[in-house]
Amino acid sequence: MDIWIYVNHREDEIEETTFGLTAEAQRLLEESGQPGRITAVALGPVAVPVLETLGHYGVERVLHANTDGMERYQGEVFAQALVGVVQQETPACLLMAQTAETEDLAQRVAASCDTALVTRAMNFNLTAEGKALAIRPVANGYLFEDLELDACPAPIVLFLPAVLLDTAPSRETAAEVNVVAFEVAAEDLKTRTVEVIEAAPEDLDLEEADIIVAAGRGIGKGEAFGNVQALAKAIGGSVGATRPIIDWGLAEYERQIGQTGKYVAPRLIINLGISGANEYTAGMEKAQQVIAIDSNPRVRMFRFADLGVVGDVHEILPLLISRIEEHK
Ligand SMILES: Cc1cc2nc3c(=O)[nH]c(=O)nc-3n(C[C@H](O)[C@H](O)[C@H](O)COP(=O)(O)OP(=O)(O)OC[C@H]3O[C@@H](n4cnc5c(N)ncnc54)[C@H](O)[C@@H]3O)c2cc1C
């Protein structure tokens, strides 16, 4: 049995969620009781010694495709490369950690290979009877779906990053890195990148953001959300939110942090009127510095905070914004 995982990497570093996928792949192999291996697929520029370290997490071989036009994610190019390798072999499944990029990529590959695809998976199993089963939250975590997927051709499973476990290296062996020859003719592409435009920090994708200002139910339905956006703008941060804020329609779903939202790892996150429910903190545990402002001194969020401020966000926010503006 060959379990495939997709490597998320940035600036020559493999992202933590990829190691979490190795643990999922290992579990599937153990549960199958069959001999097998884990194959990783890496696309785009990443150094071979970096890919070799995947061996420490149980990966036997890495298939690596990198060519001109793969410096940054381009859906058509990456999908062609991935479809090429998937169709040459017979993996049991392809596991990915869900990001905006892998979501786009997986849909393209599933359509081209005519395979089953599950996004936002919390659990995935391959049974002895040859079934592929997955569980995923729907209706923003208010319901869960049990899914049965066609096991052949190999289903593609996108895991919610928050369910992927922190995984430590367990062996010394290096993975074998096989370079996959891949070329793409620029004139055959249906989309071309004309210009790369830098997003304003407050609109930046939460997964990319260095600073996040996150709003919770404590900010209320009134004008305070405007102050949250103003604070984010003043300090060059991106706006995040808890589920109640999304439910109220104050922010788009793509701004939700947590188990059923985005999984973020900023240098700084400022949590405003957020109690710190498990489902929220699961998505922000990797933040380096945490500031929390809440009126309740016993709130769980303070356990995660490097700096906790007890007070009313409606009073503190305007003062904070004007003080920051003064210092600018
Ligand atoms: C399966 C499942 C998945 C879920 N997924 C997610 C998810 O991905 N993301 C997510 O966020 N939630 C998720 N939830 C919901 C989660 O359990 C919590 O209900 C939610 O995170 C609470 O959001 P909150 O902290 O904004 O609100 P609350 O828990 O209501 O907290 C509001 C906070 O504001 C404080 N406050 C009130 N007024 C003020 C004031 N004037 N000034 C300062 N502080 C004030 C209060 O003291 C309180 O601490 C999920 C739930 C389930 C069951």
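Student: Where is the place of proline 153, that is, in the loop between which strands?

Tutor: This is a predicted model, in which local features need pLDDT of at least 70 and side-chain atom pairs count only at pLDDT 80 or more, while totals for chains, interfaces and linings use all residues. Residues are numbered from 1 along each chain as its sequence is written, and side-chain values use heavy atoms, with hydrogens and water left out.

Proline 153 lies in the loop between strand 10 (143–149) and strand 11 (156–159); strands (E, at least two residues) and helices (H or I, at least four) are DSSP runs numbered from the N terminus. The peptide bond joining cysteine 152 to proline 153 is cis, with omega about -5 degrees.

Another loop, between strand 2 (9–10) and strand 3 (13–14), holds aspartate 12. The phi of aspartate 12 is near 65 degrees, a positive value in a residue other than glycine.

Turning to the domains, the protein chain is divided into domain 1 (2–188) and domain 2 (201–327), with bounds from an automatic or database domain assignment. The centres of the two domains, taken over C-alpha atoms, are 31 Å apart. Domain 1 gives 15 residues to the contact and domain 2 gives 12, contact meaning heavy atoms within 4.5 Å. About 1200 Å² is buried between domain 1 and domain 2, 46% of it from carbon and sulfur atoms; buried area is the accessible area (1.4 Å probe) that two parts lose on being put together, summed over both.
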